Amino acid sequence: MTLHSPHLEVLADHASVAERAAALVIARLRGGAPVTLGLATGATMTPLYARLSEACCTGAVSFRAVTSFNLDEHVGVPPHEPGSFERYMHEHLLDHIDMAPGHAHLLDGMAGDLEAEAARYEGLIAAAGGIDLQLLGIGANGHIGYNEPGSDFASRTRQITLDPATRRANAASFLKRSSPPDRAITMGIETILAARAIIVIATGRAKAKAIAAALEGPVTTDCPASALRMHGDVTILCDEEAASLLAAFQNKVRKTG
Ligand SMILES: O=P(O)(O)OC[C@H]1O[C@](O)(CO)[C@@H](O)[C@@H]1O
């Protein structure tokens, strides 16, 4: 197995990380050639999507030639309900940009046959020629998409049972339910690693352990994000809190401090 060192950028705070990520996405879309994006959800992504929406509004970027595939969706949560990733995507990005109708693909967590839904999605990604640029967040337990610890690095899109820690982290998004959903459908780790380039964004102290394990710990299914070191084109954008447990960051701070 060949391992790579992701390109790491540590920025002051969440706003600077979102600004930098937006600049990278906008640079990729400039010129108007067709681009297939992989999209993530979650609190980390919200300021990035706000900047991309704003940039589209002012004409600084267009999504007309973009096709997108979202990473994951909760099972059994209808699209209109709070906590649905489909609802999140409409609220934060899709309703504010000029993407062509039908070009934004989302997993259907309400599908009766989730295996067929996963196969449909993999087929659509393949038919689109694969993903050019995948945006990723990271869970506090190191998950990417909803590939929880223990997920096979050779996994493709499938149904997964969420960790109790992930369900606790999700609780605030599902206040109208007696408990957050226990299952999701997610692109697999191999599906994610098939993207031609990947940008990971991580902010806040709660992500520091996962970032340190992903970049400096062993490459192991115990930390799904460590699989990113098997990919040759990964950029990690962190704020100082998320980078705080990285030896590489601590050494730099010691030298410049
Ligand atoms: O940005 P958050 O809300 O901390 O979530 C972290 C990651 O976990 C997920 O919720 C699971 O896919 C992603 O949407 C997100 O990138």
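Q: What percentage of the 257 residues of the chain count as buried?
A: This is a predicted model, in which local features need pLDDT of at least 70 and side-chain atom pairs count only at pLDDT 80 or more, while totals for chains, interfaces and linings use all residues. Residues are numbered from 1 along each chain as its sequence is written. A residue is buried if 20 or more other C-beta atoms, placed from the backbone, lie within 10 Å of its own, exposed if 12 or fewer, and partly exposed in between. Of the 257 residues, the share that counts as buried is 45%.

Q: What is the radius of gyration of the chain?
A: The radius is taken over C-alpha atoms, and the globule rule is 2.2 Å times the number of residues to the power 0.38. For 257 residues a compact globule would have a value near 18 Å, which agrees with that of the chain, 17 Å.

Q: How many helices and strands does the chain have?
A: Helices (H or I, at least four residues) and strands (E, at least two) are DSSP runs, numbered from the N terminus. By this assignment the chain has 9 helices and 10 strands.

Q: In what order do the 7 strands of the open sheet with parallel pairing stand?
A: Two strands pair if DSSP finds at least two bridges between them. The pairing in this open sheet is parallel, and the order is E1-E10-E9-E6-E2-E3-E5. Its edge strands, each pairing on one side only, are E1 (7-11) and E5 (104-105).

Q: Which residue stands opposite Ala-104 in E5?
A: Strand E3 (residues 66-70) pairs with E5 in the parallel sense over 2 bridges. Opposite Ala-104 in E5 stands Ser-68.

Q: Why is strand E10 described as largely enclosed by the rest of the structure?
A: Strand E10 covers residues 234-239. It runs parallel to E1, to which 5 bridges join it, and 5 bridges also join it to strand E9 (residues 197-202), again in parallel.

Q: What is the average twist from one strand to the next in the open sheet of 3 strands?
A: This sheet has the order E4-E8-E7 with antiparallel pairing. Its edge strands are E4 (72-74) and E7 (158-161), each of which pairs on one side only. Axes are lines fitted to C-alpha atoms, for helices over the stretch in contact, and angles run from 0 to 180 degrees between N-to-C directions. The twist from one strand to the next averages 25°.

Q: Which residue of E8 stands opposite Arg-158?
A: E7 and strand E8 (residues 183-186) run antiparallel and are joined by 4 bridges. Opposite Arg-158 stands Thr-186.

Q: Does Leu-245 count as buried, exposed or partly exposed, and where is it found?
A: Leu-245 lies in the loop between helix H8 (240-243) and helix H9 (247-256). Because it has 18 C-beta neighbours inside 10 Å, Leu-245 counts as partly exposed.

Q: Which residues does Leu-245 touch, not counting those up to four places away in sequence?
A: Two residues are in contact if their C-beta atoms, placed from the backbone, lie within 7 Å. With the stated exclusion, Leu-245 touches Ala-208, Lys-209 and Ala-212.
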